[in-house]
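Student: I have a new structure to read. Can you take me through it, feature by feature?

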Amino acid sequence: MDHVLALDVGSVRIGVAISDPFGTFAQGVGFLDAKGDWLDQLDRMIKERNVSTVVVGLPVRTSGKQDREANEVTNMVEKLKKKFPNISFVLWDERYTTVIAQRLLLESNMSGKKKRSKVDMIAATLLLQSYLDYRNQNKT
């Protein structure tokens, strides 16, 4: 079965999560260096994990408006569609995922440096779980 991969795009790190083969549960798998060779790493992940869909967090303001960051993500997804023509890309509202991830980590006993490296992965996991829940509830 195919997996769904999620990306929480940041300027420093891109959080990554993947679904189980049945598309029920999301699990964080790490992050990609946004300034590095992340496209090559993404390509490997897509191939190794049999990914058919990539969900990308769309940074929408609390008012529902999209700004410069949302436009940048939308443009990035258009480029990804060209690089990976056999993959389905979905833009998904990521409002509050980072805030929730930060709160979860605040409650842990983890050091500050570890927290910063995990927040993007947890945000990607929350993003993906939200998408999977919606998709599974709306299957016909």
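Student: Is S88 buried or exposed, or something in between?

Tutor: Buried means under 20% relative accessible area, exposed means over 50%, and partly exposed lies in between (1.4 Å probe, protein chains only). S88 has a relative accessible area of 38%, so it is partly exposed. This is a predicted model, where local features need pLDDT of at least 70, side-chain atom pairs count only at pLDDT 80 or more, and totals for chains, interfaces and linings use all residues. Residues are numbered from 1 along each chain as its sequence is written, and side-chain values use heavy atoms, with hydrogens and water left out.

Student: Where does S88 sit, and which residues does S88 contact?

Tutor: Helices (H or I, at least four residues) and strands (E, at least two) are DSSP runs, numbered from the N terminus. S88 belongs to strand β5, residues 88–93. Contact means heavy atoms within 4.5 Å. Setting aside neighbours within four places in sequence, S88 contacts S52, T53 and V54. The C-alpha atoms of S88 and V51 are 9.2 Å apart, and these two residues are 37 residues apart along the chain.

Student: How many helices and strands does the chain have?

Tutor: It has four helices and five strands. Along the sequence they follow the pattern β-β-β-α-β-α-β-α-α. Of the 140 residues in the chain, 39% are buried.

Student: What span should helix α2 have?

Tutor: The expected span is 1.5 Å times one less than the number of residues. Helix α2 (residues 68–83) has 16 residues, so it should span 22 Å; its end C-alpha atoms are 23 Å apart, which agrees.

Student: Which residues of α2 are buried?

Tutor: They are A70, V73, M76, V77 and L80. Take the directions from the helix axis to the C-beta atoms: those directions define the arc. Seen down the axis of α2, the buried residues fall within an arc of 120 degrees, so they line one face of the helix. The face turned away from that buried side carries the exposed residues R68, K79 and K82.

Student: What covers the buried residues of α2?

Tutor: The cover includes β1 (3–9), α1 (38–48), β4 (51–58) and β5.

Student: How many salt bridges does the structure hold?

Tutor: A salt bridge is a side-chain nitrogen of Lys or Arg within 4 Å of a carboxyl oxygen of Asp or Glu. The structure holds four. One of them joins D120 and R13, with the closest N and O atoms 2.8 Å apart. D120 lies in helix α4 and R13 in strand β2 (residues 13–19), so the pair ties together parts that are 107 residues apart in sequence. D120 counts as buried, because its relative accessibility is 11%.

Student: Why does T125 count as buried?

Tutor: T125 counts as buried because its relative accessibility is 19%. T125 lies in helix α4, residues 112–137. Not counting residues up to four places away in sequence, T125 touches A17, A26, Q27 and G28.
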